[in-house]
Amino acid sequence: MILPVNNYSSNNNFTARKLDKEELKKHPVVLLENNFSTRMMIGWDKFTNALTMYPARGLKGSKNSNFYEFLTMSMIPNLVGSIMLISVFNSANKFFMPPEKMNASKFGSKMALGVIFYAIAKHISKNFITQPVKWFTGVDTEEPYAELKFKLPENKNDTDITSLEYHKVLESLEFPRWEVKYGDTQKGEPRNIWYDKIAKKIGLGTNLNDSDQDVKPRVKEIAVKTNLAKTFSSYLWAAVGVGLALQKPRDEFFRVATWKVWKKDQFFKTVKTFFKSLGRSASEMFNGPKDVKGFYAKHGGKTLIGLAALSSLVGLANVLISRNKPSKLDSADVIEKNRKYVVN
């Protein structure tokens with residue numbers, strides 16, 4: 001067994017709120033607790049940096065601008081594109097005559113809600129795959145970690161320049177950050193504590209000599225299949241979200257909707273009507289509108305919902321059914337016994 005260099009913290013109770021720069025200097029890589037609070041803090045930190053710090057570095061040609069910052073900035077074009085898509089259906093309403101303006105406003109409001117529902121459904125539906133995989137195999141393909149990067153000085157007065165990056169343990173399947181999953185022997189934890197748990201969950205057995213070497217190929221296979229399943233199914237669920245936004249019961253919500261929080265009665269009515277219309281929209285999408293005939297109108301919605309659900313179930317089954325099977329690649333597939341090998 002090859003032991004990694006201990007330049008990380010294996011304490012997985014950290015959240016993005018509790019990160020301390022001085023502690024990170026001692027252990028630049030810190031495993032984070034994968035919960036809603038941490039994900040929100042990571043998202044907010046990346047978003048604000050993508051708006052301010054990262055573009056500034058790129059525009060001035062900083063040698064500290066890297067590929068991570070480039071990828072992080074991609075969320076800004078996505079946001080701008082969504083706003084533009086919403087505005088396309090709403091900005092021209094003022095030029096229409098009253099009857100046409102009313103119809104255009106209804107459609108524009110539904111399209112705006114559709115963009116929002118698309119993003120929400122696409123994001124939430126990934127949990128339909130990742131959470132069951134975590135429950136049954138112990139492998140959290142979304143587990144985050146924070147890494148403190150030491151930057152190059154850009155002028156003679158620069159000292160102690162650092163930047164915090166957020167990644168996932170299995171973000172790169174070619175080079176996963178296995179070292180953060182080893183136990184802290186200084187705290188009395190077995191070195192392979194996590195790998196032993198995974199080995200037991202996926203049926204490799206217990207008391208293995210080198211459980212980490214046995215588990216790593218299986219974890220990679222689980223991660224590959226999980227990523228494929230969640231990517232494919234999330235787009236179908238996103239389409240379901242758009243379909244929900246476009247249903248006729250949404251008209252009732254837009255008639256009473258207000259964002260004026262200080263008008264409590266009207267705002268609470270907006271919230272109540274939103275969920276009420278959401279339930280009616282789901283029913284109409286599944287059963288089809290009563291005043292419209294035709295096979296597609298009656299069965300199109302339930303077909304889309306069925307395909308989205310089926311994609312999640314098939315993808316999840318593909319991961320779980322094969323979790324106890326041995327890895328398809330072993331040393332016999334790589335080393336040819338009838339050839340001689342020389343190590344330089």
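Guide: The largest share of the lining of the largest pocket, 10 residues, comes from α6. This is a predicted model, in which local features need pLDDT of at least 70, side-chain atom pairs count only at pLDDT 80 or more, and totals for chains, interfaces and linings use all residues. Residues are numbered from 1 along each chain as its sequence is written, and side-chain values use heavy atoms, with hydrogens and water left out.

Visitor: What makes a residue part of the lining of a pocket?

Guide: On a 1 Å grid over the protein atoms alone, a pocket is an open set of points where a 1.4 Å probe fits, with protein on both sides within 12 Å along at least five of seven lines; lining residues have an atom within 4 Å of a point. The largest pocket holds about 2600 Å³ of space, a volume being the space filled by probe spheres set on the points. Its lining has 49 residues, and Lys46, Met75, His123, Lys126 and Lys168 are the closest to its centre.

Visitor: Why are α6 and α9 called roughly antiparallel?

Guide: Angles run from 0 to 180 degrees between N-to-C directions, along lines fitted to C-alpha atoms over the stretch in contact, and those over 145 count as roughly antiparallel. α6 and α9 pack at about 150 degrees, with their axes 7 Å apart; they are therefore roughly antiparallel.

Visitor: Which residues of α9 make the contact with α6?

Guide: With contact meaning heavy atoms within 4.5 Å, they are Ser234, Tyr235, Trp237, Ala238, Gly241, Val242, Leu244 and Ala245.

Key
Helices (H or I, at least four residues) and strands (E, at least two) are DSSP runs, numbered from the N terminus. Angles under 35 degrees count as roughly parallel, over 145 as roughly antiparallel, 65 to 115 as roughly perpendicular and the rest as oblique.
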